[in-house]
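Reader: Hi! Could you walk me through this one?
Author: Happy to, let's bring it up.

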Amino acid sequence: MSERTAEIVICGAGIAGVAAAYHLAVRRGVSDIVLVDERPPLSLTSDKSAECYRNWWPGPGDAMVAAMNRSIDLLEELARESGNVFRMNRRGYLFASADPARVPHFVRAAQEAAALGAGPVRLHDRPDTDYRSAPADGFEAQPTGSDVITDRSLIRRHFGWLAGDTVALLHARRCGWFSGQQLGMYLLERARDKGVRFLEGRVERVETAGGRVRAVTVNGVGGAHTISTPRLVVAAGPLLKAVGRLLGVELPVFCERHAKVAFNDVLGAMPRDAPLTIWTDPVRLPWSDDERAEIADSEHRRLLEEFPAGVHGRPEGTGESQSVLLVWTYDVEPVEPTFPLQFDPTYAEIAIRGMSRMVPAMAGYLSRLPRAFVDGGYYTKTRENRFLAGPLPVDGAYVIGALSGYGLMSSNTAADLLAAHVTGATLPSYAPAFLLDRYNDPAYQKLLAGWGDSGQL
């Protein structure tokens with residue numbers, strides 16, 4: 001082992017790179033790994049997540065569900081071995097609607113998810129059906145699959161804080177959240193225990209010869225220096241495309257800017273034991289007549305238009321915490337990643353107003369908005385919103401990225417898959433769905449042309 005050599009260099013110390021280091025060093029026994037980033041680990045976008053996980057994914061095919069089931073298996077293993085240091089729960093994702101026409105859609109979605117491997121469907125269309133609420137903490141001995149609730153009295157009994165006109169709920173059960181920072185630090189500490197070294201600096205050049213990786217130049221403390229290595233893992237998050245170009249590889253990814261808002265729910269609008277709750281109907285923001293007239297004559301007229309479905313939120317923190325997180329993905333235009341990020345100054349108000357459609361008690365904040373904190377990061381995505389994990393066209397080069405808005409939940413399955421590719425281990429059946437060369441397959445190109453739901457919330 002030398003400061004000038006490494007068996008593997010990993011470019012990027014976000015959750016993808018850290019997970020890759022963990023799976024290679026701890027689970028596969030690879031030694032002499034250097035993790036390179038110009039920023040502290042887990043600090044660019046990995047610490048800006050809503051920190052949720054789910055095995056609730058659409059097709060085509062069952063690859064996403066299978067991969068996420070594997071990731072959740074790995075998360076549960078890590079939770080057990082660590083004493084659940086990252087506070088993993090299984091509260092679920094609760095999709096809610098006031099539109100009667102969505103009832104058959106919920107049933108169909110649950111049946112399709114079951115067919116893909118998410119777990120069985122339980123229908124609750126009478127008040128005496130056996131619906132089982134999710135506990136606030138822990139993840140053991142909980143149901144999988146989903147519960148579709150259409151009985152109004154059952155909805156009011158268990159979720160009386162939702163809008164009174166809610167007619168249907170879909171509770172996806174192998175879902176929840178955890179502390180992403182605690183998970184990331186646990187993986188990093190375990191990797192360091194196995195000899196993984198962290199080097200602060202920017203990867204500026206990749207040397208190749210004979211079509212394979214030979215060395216990586218890092219510009220960091222003390223200037224630039226070269227690390228001889230036969231293998232490079234590109235795990236650069238929103239900078240994935242730029243690092244790919246150092247290898248002469250054009251990665252088919254783009255970035256979207258996404259934000260979340262946090263504030264103290266002093267009114268107790270959202271119960272502290274609530275699931276992640278998603279409104280599946282479009283929303284028009286609530287305004288007084290005077291506000292509406294003023295907005296109509298201003299540059300903010302878009303605030304009077306219909307906003308897309310998908311506003312969602314959850315309680316955050318333990319103990320005496322009053323914090324809630326809200327997310328609404330209403331702006332999905334591709335952007336070039338720049339730092340620091342700039343956010344819509346009206347985002348917090350838009351999210352709170354939108355959330356008040358689903359959680360009426362949130363309207364108590366509209367006369368005087370709470371002090372809110374907005375942050376976020378970039379979703380680095382492929383066209384169909386499926387990640388990349390596997391070899392690149394240059395021998396010795398690999399990629400783990402395009403983890404989109406599901407990086408924390410997918411990082412372990414993506415890293416597990418990457419490590420299998422690097423070490424020549426047996427690959428799972430879903431591995432081809434996440435290779436870069438899937439885009440060279442004419443059948444896949446045809447599938448892309450008619451791709452439907454990407455699974456993004």
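Reader: Among contacts between residues at least 6 apart in sequence, what share joins residues at least 24 apart?
Author: That share is 75%. Keep in mind that this is a predicted model.

Reader: Noted! How many helices and strands are there?
Author: The protein has 10 helices and 22 strands. Its radius of gyration is 23 Å, close to the 23 Å from the globule rule for 457 residues, so the protein is as compact as a globular protein of that length. The C-alpha atoms fill a box of roughly 65 × 50 × 50 Å along the principal axes.

Reader: And what percentage of the residues count as buried?
Author: Of the 457 residues, 55% count as buried.

Reader: Let's zoom in on β2. How many of its residues are buried?
Author: 5 of the 5 residues in strand β2, residues 33-37, are buried, so the strand is largely enclosed by the rest of the structure.

Reader: Which residues sit on each side of β2?
Author: Ile 33, Leu 35 and Asp 37 are on one side, with Val 34 and Val 36 on the other, and all are buried. In a regular strand, side chains alternate between the two faces of the sheet.

Reader: How does β1 run relative to β2, parallel or antiparallel?
Author: Strand β1 (residues 8-11) and β2 run parallel, joined by 4 bridges. The bridge partner of Ile 8 in β2 is Ile 33.

Reader: New topic: where are the cis peptide bonds you'd point out?
Author: One goes from Gly 59 to Pro 60, with omega near 10°. Pro 60 is in the loop between β3 (52-54) and α2 (63-82). Another goes from Phe 339 to Pro 340, with omega near 0°, and Pro 340 lies in the loop between β19 (334-335) and α8 (347-358).

Reader: What about backbone phi: what is the value at Arg 87?
Author: Arg 87 has a positive phi of about 55° although it is not a glycine. Most residues other than glycine have a negative phi. Arg 87 is in the loop between α2 and β4. Asn 385 also has a positive phi, about 70°, and is found in the loop between β20 (372-381) and β21 (388-391).

Reader: Is Asn 385 buried or exposed?
Author: Asn 385 counts as buried, at 2% relative accessibility, because the cut-off for buried is under 20%. Arg 87 is partly exposed at 44%.

Reader: Last one: what are the charge counts?
Author: There are 49 positive and 54 negative side chains, and the centres of the two sets lie 3 Å apart.

Conventions
Residues are numbered from 1 along each chain as its sequence is written. This is a predicted model: local features need pLDDT of at least 70, side-chain atom pairs count only at pLDDT 80 or more; totals for chains, interfaces and linings use all residues. Side-chain values use heavy atoms; hydrogens and water are left out. Helices (H or I, at least four residues) and strands (E, at least two) are DSSP runs, numbered from the N terminus. The radius of gyration is taken over C-alpha atoms; the globule rule is 2.2 Å times the number of residues to the power 0.38. Buried means under 20% relative accessible area, exposed over 50%, partly exposed in between (1.4 Å probe, protein chains only). Contact means heavy atoms within 4.5 Å. Lys and Arg count as positive and Asp and Glu as negative; His and the chain ends are not counted. The place of a charge is taken as NZ of Lys, CZ of Arg, CG of Asp or CD of Glu. Two strands pair if DSSP finds at least two bridges between them.
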